[in-house]
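Colleague: I'd like to learn how to read salt bridges in a model like this one. Can you walk me through some?

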Amino acid sequence: MEPRNVKQVIVMRKDLNMRKGKMIAQGAHASVDALLSLFSEREESGKTTYTLTYGEDSPLAEWLGGMYAKICVYVNSEEELMGIYERICRENPEIPVALIEDAGLTEFHGVPTKTCLGIGPWWSEEIDHFTGDLKLL
């Protein structure tokens with residue numbers, strides 16, 4: 001069987017005009033949070049154990065055994081960001097997706113603000129169904 005393409009996509013809100021460092025930090029949060037959503041969590045005796053189980057034919061196996069492909073694209077509003085998030089949750093809930101909301105402590109004047117999404121790692125063609133028309137950041 002030929003390997004399928006796997007990637008992770010970060011969708012950033014361009015309308016917020018975040019500083020570059022802030023944008024990078026938010027994208028990193030999205031990347032890690034989407035990956036962590038694949039772990040199961042168990043608490044016992046005051047300790048938390050995280051477990052990641054996947055098959056050799058899973059998108060995660062392909063991604064971890066490959067080049068960790070990441071693509072950064074953008075939207076121009078919170079409405080666009082939330083539309084993508086809600087469509088993924090509704091139409092293909094298997095795809096790992098993380099919505100990042102900044103607390104607003106360093107930017108956004110103390111207002112919690114939805115900044116970006118982390119999508120995947122997952123099969124590229126399935127992510128493209130939701131993000132394929134977005135422009136690269």
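This is a predicted model: local features need pLDDT of at least 70, side-chain atom pairs count only at pLDDT 80 or more; totals for chains, interfaces and linings use all residues.

Modeller: The general idea: side chains of opposite charge can pair when their charged atoms come close. Here, Lys 22 pairs with Asp 102 in a salt bridge, with 2.7 Å between the closest N and O atoms. That pair ties together distant parts of the chain, since Lys 22 sits in helix α1 (residues 20-36) and Asp 102 in strand β5 (residues 97-102), 80 residues apart.

Colleague: Is Lys 22 buried or exposed?

Modeller: Buried means under 20% relative accessible area. Lys 22 has 10% relative accessibility, so Lys 22 counts as buried. Asp 102 counts as buried too, at 9%.

Colleague: Which residue does Glu 78 meet in a salt bridge?

Modeller: Glu 78 meets Lys 114, at 4.0 Å from N to O. This pair also links distant parts of the chain: Glu 78 belongs to helix α3 (residues 78-91) and Lys 114 to strand β6 (residues 113-123), 36 residues apart. Glu 78 is partly exposed, with a relative accessible area of 30%.

Colleague: And what about Glu 101?

Modeller: Glu 101 forms a salt bridge with Lys 114, at 3.3 Å from N to O. That one connects strand β5 with strand β6, the two residues being 13 apart. At 47% relative accessible area, Glu 101 is partly exposed.

Colleague: Which residues do the shared partners join into one network?

Modeller: Arg 13, Asp 15, Glu 78, Glu 101 and Lys 114.

Colleague: How many salt bridges does the structure hold?

Modeller: There are 10 salt bridges.

Conventions:
Residues are numbered from 1 along each chain as its sequence is written. Side-chain values use heavy atoms; hydrogens and water are left out. A salt bridge is a side-chain nitrogen of Lys or Arg within 4 Å of a carboxyl oxygen of Asp or Glu. Helices (H or I, at least four residues) and strands (E, at least two) are DSSP runs, numbered from the N terminus. Buried means under 20% relative accessible area, exposed over 50%, partly exposed in between (1.4 Å probe, protein chains only).
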